[in-house]
Amino acid sequence: MQKIFAANWKMHKTRAEAGQCSASLANALGAGTTASGALVLVFAPFTCIDVVAGAFAEVPFLACGGQDCYPAAEGAFTGEISPTMLADVGATWVLTGHSERRHVLGEDDALVARKTTFALEQGLNVMLCIGETLEERENGQLCDVLERQLTSVFDAMPDILRGNALAGRFAVAYEPVWAIGTGKVAGQAEVLDAHATVRTLLQKLVGATAVDLPILYGGSVKPTNAAGLMSLDNVDGLLVGGASLDAQSFLQIIGA
Ligand code: PGA
């Protein structure tokens, strides 16, 4: 399966900064073999998507995405953005269900499911983020949380989007909430266990085609731990926040 290295810039970077960083990535990756076959994504702030997409235009395995979208084509939704608007400025991917959307901005499973399904229907590729809080993990609820978060999305998904139709268009990012931005990366045994659980749940939900759906790990990924994480079974890529803001550091992660 094609590996995916994804940067989540969150609420960072002006257009000028985004232009510099994406040009550095495009120059380094477009020239060399660092990424050798991997897909590299940058989830940029809405205001920078056109800049990043422009810088990536010549390199086929580089793409830009939005960090969120609203599940409607248009309408009276002040402050929201539609999948079509994201595509209009050059995004081909969108993140849904990021833990900061769920836990800071109060999105529930039902809204995440609507966003995921609608974005897919509108032609965007989707990276769905799931993961447990520390409290949920300590209460032994890891599997239940992952099952609830995944099932709510697939229950909302029309049959036409399932199975083969998802290949190349859908990825899951497992991000334990307690590991995001904290410097506390999950241990290898924890990552192995969670990713195996996600794979099994996907098999239950979409059948045999689940083997083609990439599962990324996210949460305090750094150049120093990237290779170890990528060596684990069912880890098909990495979603990187803080360490992706600097082009050199993100390039080191991709190279690892
Ligand atoms: P982090 O963020 O790498 O800074 O922990 C990851 C994420 O939120 O996707």
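Tutor: A residue counts as near a molecule if one of its heavy atoms lies within 4 Å of it. Keep in mind that this is a predicted model. There are 13 residues around the ligand. Lys10, His98, Glu175, Gly181 and Ser220 come nearest. By kind, the shell divides into four nonpolar, seven polar and two charged residues.

Now look at the polar contacts, which are pairs of N or O atoms within 3.5 Å. Start with glutamate 175. An N or O atom of its side chain is 2.6 Å from an oxygen atom of the ligand. Next, go to glycine 241. Here a polar backbone atom lies 2.9 Å from a ligand oxygen. Then take glycine 242. One of its backbone N or O atoms is 2.9 Å from an oxygen atom of the ligand.

How much of the ligand does the protein cover? Taken alone, the ligand exposes 280 Å². The protein buries 96% of that area.

Which pocket holds the ligand? The ligand sits in the second largest pocket.

How values were computed
Residues numbered from 1 in each chain as written. Predicted model: local features only at pLDDT ≥ 70, side-chain atom pairs only at ≥ 80, totals over all residues. Heavy atoms only, no water. Polar contact = N/O pair within 3.5 Å; in protein donor to acceptor, adjacent residues only side chain to side chain. Areas by Shrake-Rupley, 256 points an atom, 1.4 Å probe, with all protein chains shown as cover. 1 Å grid on protein atoms, 1.4 Å probe; cavity = no way out; pocket = protein on both sides within 12 Å on 5 of 7 lines; lining within 4 Å. Sits in = over half its atoms within 2 Å of the grid points. Nonpolar A, V, L, I, M, F, W, Y, C, P; charged D, E, K, R; others polar.
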